[in-house]
Amino acid sequence: STFTANAAGDPAASDGGEGGALYTDGSGTVSVTRSTFADNTAAGEGGGITFRSFGAVIFTDSTVHSNTAATGGGINNGAADVTFARLTVRDNRANHDGGGILNQGSGAFTLEDSDIYRNTAENGGGMTNDADGTVAVTRVTFWDNRALLTPGGEDSGLGGGIYSLGDAGAVPQGISDAERRSLTRIGQIG
């Protein structure tokens, strides 16, 4: 499936719409595969997609690019049990946190075998983790993501690759030394 040039919310009316192309909620399993989300916008969270489901979310073999939002430029995850695999998340932009991905779910979040690059945000150019559940990042390449300083902003420009301020543990695996150096403020990465 292809989702292109969709919009959620109205920035002029201060309407914080979510999920520019796709918004999920409820308790059933959500499975999205072999899809493209491009050039979508949300006035609030999730320029391309917002997941808020209480059931399992499985998002695989897809591309999310050139989407914009206030937070979670490409993807906003607020779901409970989530697996992202074999994704390309690129060229997305958030005004605040999570250029590529904003993870703020309450359950386990797994991101594996994916490429996250050229995303931009105030914090967490590639990804912001502000979740209560355990996060596992395995065999993921974070490349050329940007966390931008804002004039007068004390807490800006943090985590070009990943900005993590969640309450639970982060378990990064299969990340190169160069990638580790770009993952500032991720708690368990030194």
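Tyrosine 23 stands opposite threonine 50 in S7. The model is a predicted one, and I read every entry below with that in mind.

Next I checked the pairing of the strands concerned. S3 pairs with strand S7, residues 49–51, in the parallel sense, and I noted three bridges.

Then I traced the whole sheet. Six strands form it, in the order S3-S7-S10-S13-S16-S19. The sheet is open and its pairing is parallel. I looked up the edges: strand S3 (22–24) and strand S19 (162–164) each pair on one side only. I also took the angle between neighbouring strands, which is 5 degrees on average, direction ignored.

I moved on to another set of strands. Strand S11 (residues 81–90) pairs with strand S14 (residues 109–117) in the parallel sense, over seven bridges. Here threonine 88 stands opposite aspartate 115 in S14. S14 also pairs with S17, again in the parallel sense, over eight bridges.

Which residue in S17 is the bridge partner of glutamate 112? I found threonine 138. Threonine 138 lies in strand S17, which covers residues 135–143.

Is threonine 138 buried or exposed? I count threonine 138 as buried, because its relative accessibility is 11% and the cut-off for buried is under 20%.

Last, I compared sequence and space for one pair. Threonine 138 and threonine 110 are 28 residues apart in sequence. Their C-alpha atoms are 7.9 Å apart.

Technical notes:
Residues numbered from 1 in each chain as written. Predicted model: local features only at pLDDT ≥ 70, side-chain atom pairs only at ≥ 80, totals over all residues. Heavy atoms only, no water. Helix = DSSP H or I, 4+ residues; strand = E, 2+ residues; numbered from the N terminus. Buried < 20%, exposed > 50% of the residue type's maximum accessible area, 1.4 Å probe, protein only. Pairing = 2+ DSSP bridges. Axes fitted to C-alpha atoms, helices over the stretch in contact; angles between N-to-C directions.
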